[in-house]
Amino acid sequence: MLNEFWLWLEYLPIAGHIGATWWFPLMESLHVVSITLMLGAILMLDLRVLGLAASGYTVSRMSRELVPWSAAAFVVATLTGTAMFITRASAHVLNPAFQIKMLLILVAGINIAIFHFRIFRTVSHWDISTKAPASARMVAGASLFLWCGAMLAGRWVGHVI
Amino acid sequence: MLSGIATWISDSQGRELANWLLTNVPGLPPILQTLHLLSIAAIMGSIVMVDLRVLGLAVPSQNLDEMVRRLRAWAWCGVAGVASSGIWFVLARPNRYFANPVFQIKFSLLIPALIVTALFYRQTLREPGYWYRSARRERVAKILALVSLLLWLGVVMAGRWIAYSEYLFWPE
């Protein structure tokens with residue numbers, strides 16, 4: 001049944017239109033702009049939490065100013081990514097690179113939730129410090145690792161099909 | 001001139017080496033492309049963020065002079081990163097790139113982008129608060145930031161369109 005759903009997506013007129021016209025490269029280039037902007041913002045925040053950069057600013061201020069940018073970029077990346085996905089949905093779901101990419105994004109999302117809903121609660125104790133608690137530094141390191149991995153897997157998607 | 005460069009690369013050993021590496025090292029093309037993307041992310045987190053800061057759109061609490069001093073190294077490492085990861089593809093198939101109109105557009109945007117960024121950083125570091133001494137300078141800074149932003153986004157988007165130049169230049 002799920003298989004029929006992927007095929008149904010592929011046969012949507014909009015999917016055919018994106019796949020056959022300049023819409024596809026437009027979506028792809030906007031995807032590149034949004035994922036790199038997102039990672040640029042995430043990189044700045046993670047390096048601050050790790051105590052490696054921007055030590056003149058508090059973690060909470062960096063988070064307040066950067067998270068809206070990475071969240072907005074993530075929304076654009078998801079929309080443009082979905083637009084590309086539906087053009088070959090049934091092939092993508094079977095593509096191991098695509099499966100790994102989705103898994104990495106899911107784990108990265110859980111990682112973000114752990115940071116913002118648990119670790120960030122105690123931020124007032126280490127806001128100005130360059131030595132955040134080990135748990136915070138672990139989450140920041142994992143975030144960098146997971147997003148770089150998602151990018152590599154995403155780039156690999158195009159080399160499998 | 002461009003086809004001359006392409007021919008010169010075609011006949012060089014660099015082309016053979018790049019071709020050999022890209023075909024024989026497992027996974028090298030996507031790995032290099034990912035390094036290219038990560039370097040673009042470094043440019044987005046430094047050059048583009050500074051542009052957004054000057055335009056008053058992002059990181060309002062960060063001081064411009066301090067930002068440029070802190071992020072300059074990231075910006076130029078990002079530029080070195082995109083160059084060193086991208087050059088292999090150009091070396092391996094010089095004619096595919098030099099004859100491609102989108103590749104030409106990409107580099108026509110990249111050169112002014114680099115110049116605007118370098119000049120803006122130089123002026124910023126020369127004198128603290130330089131861009132905020134008068135309303136006129138502040139306007140100039142905003143214009144430069146907007147030009148830089150549009151050029152860099154154009155470079156990134158053109159880069160992705162290289163593979164699809166037929167949609168733009170030879171439709172149907």
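Guide: In chain B, the side chains of Glu66(B) and Arg70(B) form a salt bridge at 2.9 Å, N to O, the term being used for a side-chain nitrogen of Lys or Arg within 4 Å of a carboxyl oxygen of Asp or Glu. The model is predicted, with local features needing pLDDT of at least 70 and side-chain atom pairs counting only at pLDDT 80 or more, while totals for chains, interfaces and linings use all residues. Residues are numbered from 1 along each chain as its sequence is written, chains are lettered from A and ligands numbered from 1 in the order in which they are written, and side-chain values use heavy atoms, without hydrogens or water.

Glu66(B) and Arg70(B) lie four residues apart in helix α4 of chain B, so about one helical turn separates them (helices are DSSP runs of H or I, at least four residues, and strands runs of E, at least two, numbered from the N terminus). Glu66(B) is partly exposed at 23% relative accessible area, whereas Arg70(B), at 19%, counts as buried (buried is under 20%, exposed over 50%, partly exposed in between, with a 1.4 Å probe and protein chains only).

Also in a salt bridge, at 3.1 Å, N to O, are Glu127(B) and Arg133(B); Glu127(B) is partly exposed at 30%, and Arg133(B) is exposed at 52%.

Across the interface of chain B and chain A there is one salt bridge, in which Arg160(B) meets Glu28(A) at 2.9 Å, N to O. Glu28(A) belongs to helix α3 (residues 23-49) of chain A and Arg160(B) to helix α7 of chain B, so this pair joins two chains, and both residues are buried.
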